[in-house]
Amino acid sequence: RGTIASSSYYDGTYTWWYINWDNGYSGYSVDAYLEPVPTLTVTSPNGGENWTAGSTHTVTWTASGDASAINYQLVEYSTDGGSTFTTVSSALTPSTRSYSWTLPSGISSTQAKVRLSAMDVYTYILARDTSDGNFTIGTVTETISTPGSISGEPNPIQGTTYSYTVG
């Protein structure tokens, strides 16, 4: 990716896809295919949220600039502060700005992040953004008190408190 800084029609930020250095008779020349790039911004989750494993939440983002080259978008998540990511969405249309995500059961992290990537028709990444801060994915713990006799397995004892972790 490079920036062309001049007072020409081509000012702005572009992705440089092809550069051909030609050591021809007249010296060096550069041929480049320039593609305008959009800017993506993850708006939720963007840090500080507390989500529960197995629950469903909406991931949202904005896009600005020239989005005409976007072929599809992907949503990914990380549980290690952004060191590794797992894709959770299928290819989303270029105009999509939200994704309903059911978090996997059994995951837990205080360093979760979401990343969004905009891809072109050649599967090159045009733009990408990640949550600004970590959010938490936790499990639910419920406490059940037995005020009277309850039948079942295992056989609970009247007046005893049991804790169960769900998720």
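Q: Which residue forms a salt bridge with E76, and how far apart are the closest N and O atoms?
A: The term applies when a side-chain nitrogen of Lys or Arg lies within 4 Å of a carboxyl oxygen of Asp or Glu; here E76 forms a salt bridge with R115, and their closest N and O atoms are 2.9 Å apart. The pair links distant parts of the chain, since E76 belongs to strand β7 (residues 72-78) and R115 to strand β10 (residues 109-119), 39 residues apart. The structure holds one salt bridge. This is a predicted model, in which local features need pLDDT of at least 70 and side-chain atom pairs count only at pLDDT 80 or more, whereas totals for chains, interfaces and linings use all residues. Residues are numbered from 1 along each chain as its sequence is written, and side-chain values use heavy atoms, with hydrogens and water left out.

Q: Are E76 and R115 buried or exposed?
A: The classes rest on relative accessible area (buried under 20%, exposed over 50%, partly exposed in between, with a 1.4 Å probe and protein chains only), and both E76 and R115 are buried. Across the protein, buried residues make up 31% of the 167 residues.

Q: Why does S117 count as buried, and what surrounds S117?
A: S117, which lies in strand β10, counts as buried because its relative accessibility is 1%. If neighbours within four places in sequence are left aside, S117 is in contact (heavy atoms within 4.5 Å) with L40, Y72, Q73, L74, E76, A127 and R128. With E76, a polar contact of 3.5 Å joins the two side chains; such a contact is a pair of N or O atoms within 3.5 Å, where within protein one must be able to donate a hydrogen and the other to accept it, and residues adjacent in sequence count only if both atoms are side-chain atoms.

Q: How many strands does the protein have, and in which sense does β6 pair with its partners?
A: Strands (E, at least two residues) and helices (H or I, at least four) are DSSP runs numbered from the N terminus, and the protein comes to zero helices and 14 strands. Two strands pair if DSSP finds at least two bridges between them: strand β6 (residues 56-65) pairs with strand β4 (residues 38-44) in the antiparallel sense over six bridges, and with strand β9 (residues 98-102), again in the antiparallel sense, over five bridges. Within these pairings, L40 has A63 of β6 as its bridge partner, while T60 has S98 of β9.
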